[in-house]
Amino acid sequence: MNDFIAARSQMALSLGFHIVFSCIGMVMPFFMAVSHFIWLRTGNVMYKNVTRAWSKGVAIFFATGAVSGTVLSFELGLLWPEFMKHAGPIFGMPFSLEGTAFFIEAIALGFYLYGWDRFNKWFHWGTGVLVGVSGLVSGILVVAANAWMNSPAGFDYINGQYLNIHPIQAMFNDAWFSQALHMCIAAFAATGFAVAGVHALMILRGSHVQFHGKAFRIAAVFACVAALLQPLSGDISAKDVGRRQPAKLAAMEAHFKTEKRAPLIIGGIPDEKNKTVHFAIEIPGMLSFMAHDDFNAEVTGLDQIKPEDHPPVAVTHYAFQVMVGLGMLMLAISLLYFIAVWKKKQWLQKQWLLKLFVLATPAGFLAVEAGWTVTEVGRQPWIINGIMRTADAVTPMPGIVYSFYLFTAVYLSLAVIVTFMLYRQIRMVGKLYDLPAMPVPSSH
Amino acid sequence: MLYVVIIFLWTSILLYLLLGGADFGAGIIELFTSRDNQDRTRRTMYRAIGPIWEANHMWLIIAIVILFVGFPEIYTTMSIYLHIPLVIMLLGIVARGTAFSFRNYDAVVDDMQVIYNRIFMYASCVTPFFLGIIAGSAVAGRIDTHATNFLDAYVFSWLHWFSVAIGFFTVAICGFLASVYLIGETDNETDRQRFISKARTTNILAVIAGALVFVAAQVEHIPLMDWIFGNPVGITAIVLASLSLVLLWYLLFHGKTKILRVLAGFQVTMILLTTTYRHYPKIVLLKGGGYLSLLEHAGNEHTMAALGWALLLGSVFILPAVFYLIYSFQKKKASVAH
């Protein structure tokens with residue numbers, strides 16, 4: 001492994017880790033706030049217990065998300081100094097605003113976690129909502145910064161120089177809306193399915209069914225609404241990518257040849273040498289329709305793009321297939337769930353429905369990781385699309401390989417510990433929360 | 001707007017040193033507490049910093065964002081040549097933050113707590129030590145952008161007596177800030193006395209470490225004496241800090257918690273002011289006399305304007321919220337105590 005690949009791997013690892021934690025830290029507060037709201041309105045203590053249990057999870061994930069985010073803000077410079085030297089002043093705007101949003105989130109979380117029985121109950125609840133809202137805002141801002149790398153704007157690139165910089169234009173680049181929308185919905189779907197799946201498993205095991213049932217319902221509704229909305233935002237994203245980054249779309253679809261009435265390629269094994277895809281299902285005209293709203297439109301293939309500018313086709317294609325496939329799975333489960341809620345109440349008592357949710361526990365996050373791989377790998381070899389190559393941005397310091405090993409060890413151990421802690425939280429539900437009239441614990 | 005941004009940068013560094021420093025210090029104090037008292041220290045600390053520690057650490061993020069948006073060359077130069085201490089500091093931040101939340105939110109209290117506590121305590125020392133090293137390296141003039149071998153470029157840029165001495169000094173200051181802060185957070189006289197004696201010890205250590213910085217500067221041929229005593233601002237700040245130190249010692253025996261905190265904060269502010277004033281606007285000194293300056297290496301006009309407005313806008317939301325957070329938890333504690 002050379003230093004360049006090590007730097008890319010370390011960045012991928014850091015982001016791949018952070019994305020999971022920040023999604024949960026961003027979305028769980030909403031579940032928590034809903035459950036808290038129901039408690040305040042109905043006085044049903046079970047909802048208070050669910051709220052408190054979730055708030056512990058939020059605290060753990062927030063702390064982990066915050067530190068891994070801190071690492072990233074340094075890694076941008078530690079690994080990609082040449083990129084940051086030029087890009088910092090241009091795409092920094094959303095980061096500076098994100099600082100504010102994230103700060104507010106940290107403050108609100110302080111109020112929320114430590115404010116039980118100390119403040120007016122609606123003020124306290126409000127700080128919980130604020131945790132969610134400011135988390136969501138910071139998520140949107142960070143994605144806007146990433147979108148700029150896909151769709152650079154707000155400057156003129158003349159003779160290798162970055163001139164006429166306008167940070168606001170850079171922030172509202174062409175890709176920010178579609179990317180932020182897609183990411184936020186994904187965060188809700190992923191976190192929703194993960195949380196619902198865990199509670200579904202506990203219900204199936206018959207432990208503390210009342211508690212887990214209430215928790216399951218809240219998470220499942222969020223998850224399913226998000227999963228139903230996601231294909232729409234996916235469509236917006238696909239059209240956007242097709243327009244702005246034809247190379248990425250071509251790689252996603254393993255679309256080697258420019259053609260009219262381009263088929264949608266499902267599955268298959270891309271063969272980059274012979275420029276073809278083996279064993280794929282093809283739906284004629286569908287890709288043209290998806291990218292340009294017209295079954296006969298011409299879709300740019302990789303043959304129109306210089307070979308040195310090709311993204312890694314296989315990785316991008318597989319990741320895209322995985323994302324879409326998992327999205328479809330979640331969509332199907334959501335449809336079943338809503339049919340069950342509205343028409344077939346008896347299904348809600350059935351084990352198979354819960355089992356489906358258990359099965360889908362990791363689906364959302366696998367899809368998030370796959371989708372993020374599509375975004376990032378699909379942009380290669382560019383770090384700023386069409387302007388700066390990733391290879392030109394990497395730090396001159398040798399030995400990044402060791403740094404990569406070190407961070408791999410750190411992230412792996414963190415992942416293990418957090419999983420272990422969640423397991424313990426769940427195991428302790430009976431002891432801590434399942435009492436109908438739980439005495440208010442002290443500040444601990 | 002450039003000056004607004006610079007003021008924000010300086011203020012965030014100061015607040016990180018004061019608030020984040022007190023935070024790190026709490027872990028350092030815990031490490032140097034006898035085993036019998038560790039639990040009590042931990043409880044006091046949890047009450048004192050639990051609600052605000054996440055917010056305390058945001059000041060670092062603000063400072064970093066200001067650097068990479070407004071002064072990219074300064075940010076990238078430090079990122080390249082101080083890569084190793086930055087990575088160690090980061091690992092410290094990660095270990096400390098996660099260990100703190102794990103030990104407070106783990107549903108089961110068992111032997112794992114020992115591990116969380118250990119990680120928390122050691123990381124609380126390592127992080128400010130390397131923070132000090134990074135600060136020291138920035139002004140030591142050893143960053144060699146023309147170095148051709150690994151050691152000169154990426155190791156000796158930060159590994160020298162001067163930066164190491166500043167590392168120790170930072171650790172001592174953090175411990176001092178924390179013990180002074182914790183005096184007012186206890187709920188009984190024994191603990192109170194314990195923290196008062198800790199404050200004395202850490203203060204003495206800070207003074208010794210400070211003296212070592214001067215020695216190290218001498219050894220490394222860094223004109224620290226001239227930086228501090230060569231200008232009226234430096235002299236005034238040092239005189240004021242010394243006078244407040246006398247007052248602080250007097251009050252340590254006569255206990256006035258709030259004033260003690262103000263004095264400790266004041267001293268650290270004066271130290272930062274003295275050390276930064278002489279160099280301003282230079283922020284990173286390079287080997288061979290080169291430097292990176294806040295004025296010459298700032299981003300373009302539009303970037304600085306946008307950044308300045310973002311910071312002003314942010315502070316309208318953040319500052320009242322932070323103060324209300326600290327205030328309300330202080331108030332509630334007082335009412336519980338009565």
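Predicted model: local features only at pLDDT ≥ 70, side-chain atom pairs only at ≥ 80, totals over all residues.
Between chain B and chain A, five residue pairs are in polar contact, with both partners at pLDDT 80 or more. On the B side of the meeting place, several helices take part: α3 (53-56), α4 (58-70), α5 (72-81), α6 (83-105), α7 (112-140), α8 (150-155) and α14 (301-337) of chain B each supply at least two of the residues that touch chain A.

Let us step back and look at the interface as a whole. Here 60 residues of chain B are in contact with 64 residues of chain A. The area buried between the two chains is about 5900 Å², and carbon and sulfur atoms give 79% of it.

What about charge? Side chains of opposite charge can pair when their charged atoms come close. Across the interface of chain B and chain A, the rule finds one salt bridge. You can find it by looking for Asp110(B) and Arg424(A), whose side chains meet with 2.7 Å from N to O. Over all chains, the count by this rule comes to 18 salt bridges.

One of the salt bridges lies inside chain A, where Lys239(A) pairs with Asp235(A) and the closest N and O atoms are 2.9 Å apart. Why are these two residues separated by about one helical turn? They are four residues apart in helix α7 (residues 209-244) of chain A, and so about one turn of that helix lies between them.

Along its principal axes, the C-alpha trace of chain A spans about 70 × 45 × 40 Å.

The peptide bond from Gln380(A) to Pro381(A) is cis, with omega near 5°. To find Pro381(A), go to the loop between α12 (363-377) and β9 (382-384) of chain A. The other place is Ala254(A), a residue other than glycine with a positive phi, near 50°. Ala254(A) sits in the loop between α8 (246-252) and β3 (259-260) of chain A.

Chain B has its own make-up, with 14 helices and two strands. A compact globule of 338 residues would have a radius of gyration near 20 Å, and chain B agrees with its 20 Å. Its C-alpha trace spans about 60 × 40 × 40 Å along the principal axes.

Finally, how confident is the predictor? For chain A the mean pLDDT is 88, with 97% of its residues at 70 or more. Residues 436-444 of chain A have pLDDT below 50, and in the model this stretch has 13 contacts beyond near neighbours in sequence. For chain B the mean pLDDT is 85, and 97% of its residues reach 70 or more. Among the elements of chain B, α3(B) has the lowest mean pLDDT, 72, while α5(B) has the highest, 91. Both of these helices are among those that supply residues to the side of chain B touching chain A. The model as a whole scores ipTM 0.85 and pTM 0.87.

How values were computed. Residues numbered from 1 in each chain as written. Chains lettered and ligands numbered in written order. Heavy atoms only, no water. Contact = heavy atoms within 4.5 Å. Buried area = accessible area lost by both parts, 1.4 Å probe. Salt bridge = Lys/Arg side-chain N within 4 Å of Asp/Glu carboxyl O. Polar contact = N/O pair within 3.5 Å; in protein donor to acceptor, adjacent residues only side chain to side chain. pLDDT = per-residue confidence, 0-100. Rg over C-alpha atoms; globule rule 2.2 N^0.38 Å.
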